[in-house]
Structures are given as structure tokens and as C-alpha cells.
Amino acid sequence: MKTEADYAPASGRPSSGVTSPGGFLAGAVHAGIKYPDPNRLDLAVLFSKEPCTAAAVFTTNKVKAASVLLDMERLQKGKISAVIINSGCANACTGQQGMADAVSMAAMAAKHIGVKPESVLVSSTGVIGAMLPMEKIKAAIPKIKLTVEGGHSAACAIMTTDRVPKEVAVKADGFTIGGMLKGSGMIHPNMATMLCYITTDAAVDAEFLQKALRKAADISFNIISVDGDNSTNDTVLLLANGTAGGETIKAGGKEAAIFQQALNKACIYLAREAARDGEGATKLIEAKVCGAATVKDARLAARTIIGSSLVKTAVYGSDPNWGRVLAAAGRSGAALDQDKTELHMGGFCLLLKGTPQPFDKKAAAKYMNGKEVYFKVDLHLGKGEAMAWGCDMTEEYVKINAEYTT
């Protein structure tokens with residue numbers, strides 16, 4: 001089973017996270033978009049000294065924020081130099097004025113940086129249905145200082161109900177990948193609710209970059225769950241500026257597999273941290289399903305297990321009620337023969353060939369009282385395999401979301 005040490009979290013300052021790769025700068029300020037606390041950063045800019053080849057994956061929700069619609073359009077037209085991001089207001093379901101505000105926000109950032117407006121993307125996160133306080137944003141943008149050290153401030157500025165910033169840096173032979181993510185609630189597969197920015201100084205072919213990101217998202221951001229909801233603003237953006245030099249990485253080339261592996265590593269780390277930091281969560285849940293008839297079946301079963309409210313509450317209560325895990329796998333839509341199925345939790349074998357196994361319930365409960373709980377389901381039907389990540393569900397989750405706008 002994977003642990004946090006198997007991934008490559010950002011470490012040290014100043015150049016961890018999105019500014020780890022060469023040529024990237026960032027900065028953030030307090031604009032007062034939602035919270036009056038002057039120490040709370042809520043407006044950030046990520047900038048590349050060289051225009052970037054860009055790829056993105058967006059929300060699958062039919063209701064899309066103005067920022068998402070604008071970015072989808074601009075990504076089709078050319079290279080990207082920067083992205084401006086705000087927290088505290090989603091600028092979603094805000095009509096024509098919301099779109100005009102997104103365009104204006106990009107233009108103001110472009111003027112501050114000294115680049116073309118159409119090369120600037122926009123992201124917003126926060127309350128749906130509220131208009132952006134444009135006067136506050138206009139006043140704050142000129143105060144943003146872009147530095148290598150600003151990557152961490154940017155990661156803090158994009159947080160909403162997150163308890164901690166989420167950053168990663170992965171060094172490969174000849175290039176670096178950095179990233180930052182916000183995500184804590186409204187997290188569910190097929191683009192969990194998040195804003196995620198990944199940077200690299202590798203030179204990457206545009207077509208391969210998009211395919212690589214989608215592949216990485218499928219095994220990371222699309223297989224985590226906190227609460228079964230997804231949002232209107234979900235964005236994962238990958239920027240490649242090529243400042244590390246070297247030949248352009250293309251599909252089928254010798255560097256393609258290395259790039260994909262590094263990108264997967266960064267995305268999986270950030271996805272796990274989003275699940276770990278779920279609203280009100282106290283524990284990370286990891287579910288591995290192997291021996292499935294197909295990879296699709298393995299993903300279905302793993303996602304259903306970590307998304308099950310009954311599994312999540314059992315983990316919260318340190319209750320080794322393993323039947324909930326099996327029931328979730330059984331209703332997932334994956335092929336399953338209960339007489340062949342095997343279930344493990346940590347070092348405990350709970351089910352073997354459909355037969356319950358004796359285990360020490362007190363010891364199992366003690367294990368579940370830790371910060372990470374691992375389930376492994378072997379369906380013994382094929383070679384399909386997948387992993388998914390979620391978190392427990394607590395009273396605090398209800399409290400956070402019952403009082404979100406009040």
C-alpha cells in the first residue's frame with residue numbers, strides 16, 4: 001500500500017510548489033473578497049516568464065462558472081502566460097455580468113504583469129451565485145508582487161474551507177513538475193471540486209500534454225471523494241514553459257513515459273491530500289481493488305467504497321463493520337462473485353473466498369483509530385486494478401456546510 005512517503009511532497013522554501021520549475025513566479029494579497037481578516041490571502045497570480053503550452057480538465061457539471069467558460073475558450077486560441085485566481089466567490093450562476101467580470105479580471109492582471117489579456121486565464125472559488133467585488137479586486141491586483149517565493153502564498157490564497165495548503169514538487173531527469181491545489185468539500189469523482197495548478201519547465205507537445213493530463217487526472221482527481229458532490233468551477237490546469245531546455249516531449253518519445261510518471265506522481269499526491277483534508281475529516285481512507293474483471297470495474301468498486309456514507313461513518317467511529325465495504329463493492333456495478341471475494345483492512349484478513357475470517361475486533365478498532373485506514377478487495381475475476389481515496393465523515397462536515405454562507 002502507498003503511504004505519504006511514496007510520493008514527493010514539496011519541501012523547503014522558497015521554491016516549492018508551483019514555482020519549483022524554472023521560469024515561474026507567483027504572488028498573493030488580501031483583497032477582502034469574503035473575509036475581513038487582513039492576514040487571509042484571497043487573490044493570487046501565477047505567471048510564467050515564457051508563454052506556456054497549456055492543457056486543462058474542467059468540471060463535468062452542466063452548470064459552469066464564468067471562469068471555466070472563459071478559460072475553455074482561451075485555451076483554444078494560443079499560449080498562456082498567467083492565471084489570476086480568487087477565493088471567496090465562485091462567480092458562478094452570475095449571468096452576463098459574471099462573464100464580463102471574469103474578462104475584466106484577466107485584463108487587469110494582464111496590465112499589471114505586462115502581457116496580452118487573452119493570454120491570462122481566470123479561476124474563482126467560493127460561494128455560488130454571488131457577484132465578484134470588482135472594486136476590491138481592482139484595488140488589490142497592483143499590490144501583487146511576483147516572486148519565486150510567492151508560490152506558497154498563492155497556495156494559501158486559493159484555500160476556502162481547506163485547513164492546510166497543498167503543494168508538491170517532483171524532480172525528474174531534466175525537468176521539474178510543481179503543483180498546488182485547493183479542495184476540501186464538494187469532492188467527488190469525474191472532476192472533484194478543486195482548483196489545481198501544475199507547472200513544468202519541460203517543453204511538451206500540446207497534444208501529448210493534454211493526453212498526459214487526462215490520464216493523470218483519471219487515476220488521481222477523478223478517483224477521490226469527500227461528500228458525493230462536484231462543483232461548477234472545477235479546474236485542473238497544466239502549464240509547460242520549456243525553460244529547462246531539451247527536445248520537446250512528444251507521445252511515443254523516450255521522455256514521454258518519464259514525464260507521465262512524474263505527472264502521475266504529482267497528481268496522486270495532491271489528490272490524496274485533498275481527500276485527507278476533506279471538510280471535517282479526521283482520517284484518510286484508501287481503497288485498493290484488484291483482481292477485477294476490468295480496470296473499469298476496479299475503478300467502479302474502489303470509488304463506490306470510498307464514497308459510501310456508511311463506510312465513511314464506520315471509519316470515523318473506528319467500527320470494523322466490514323460488511324459495509326463489501327456491500328459498497330457489490331452495488332458498484334462491478335462484476336463480483338462473493339464466493340471468490342477477499343477483503344483486507346490493514347493487516348487484518350476479514351473475508352476469504354466469501355467466508356468471514358476471525359479477527360481481533362479490539363485490535364482492528366485500534367488500527368482504525370489511526371490517521372489512515374486501508375482497505376483491499378481482491379475480486380479474483382481478472383487483472384483489473386485501481387486505487388481510490390476518500391475520508392471519514394464527521395459531525396464537523398455537517399456544521400461546516402450548514403453554516404457556509406452565514
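## Thr160

Thr160 is buried, with a relative accessible area of 14%; the cut-off for buried is under 20%. The model described here is predicted. Thr160 lies in the loop that runs between α4 (150-157) and β5 (166-172). The side chain of Thr160 forms a polar contact with the side chain of Lys182, at 3.0 Å.

## Lys371

Lys371 counts as exposed because its relative accessibility is 70%, and exposed means over 50%. Lys371 sits in the loop between α10 (361-368) and β14 (372-378).

Leaving aside residues up to four places away in sequence, Lys371 touches Thr282, Lys283 and Leu284. Lys371 and Lys283 are 88 residues apart along the chain, while their C-alpha atoms are separated by 4.6 Å.

## Helices α1 and α2

Helix α1 covers residues 66-74 and helix α2 covers residues 95-113. These two helices pack at an angle of about 60°, and their axes are 8 Å apart. The angle makes α1 oblique to α2. The crossing of α1 and α2 is right-handed.

On the α1 side, the residues that meet α2 are Ala66, Leu69, Leu70 and Arg74. On the α2 side, their partners are Gly98, Met99, Ala102, Val103 and Ala106.

## Helix α6

Helix α6 consists of 21 residues, 256-276. At 1.5 Å a residue, α6 should span 30 Å, and this agrees with the model because the end C-alpha atoms of α6 are 30 Å apart.

Helix α6 is mostly covered, with 17 of its 21 residues buried.

Note on methods:
Residues numbered from 1 in each chain as written. Predicted model: local features only at pLDDT ≥ 70, side-chain atom pairs only at ≥ 80, totals over all residues. Heavy atoms only, no water. Helix = DSSP H or I, 4+ residues; strand = E, 2+ residues; numbered from the N terminus. Expected span 1.5 Å × (residues − 1). Buried < 20%, exposed > 50% of the residue type's maximum accessible area, 1.4 Å probe, protein only. Polar contact = N/O pair within 3.5 Å; in protein donor to acceptor, adjacent residues only side chain to side chain. Axes fitted to C-alpha atoms, helices over the stretch in contact; angles between N-to-C directions. Parallel < 35°, antiparallel > 145°, perpendicular 65-115°, else oblique. Left-handed = near helix turned anticlockwise from the far one by under 90°. Contact = heavy atoms within 4.5 Å.
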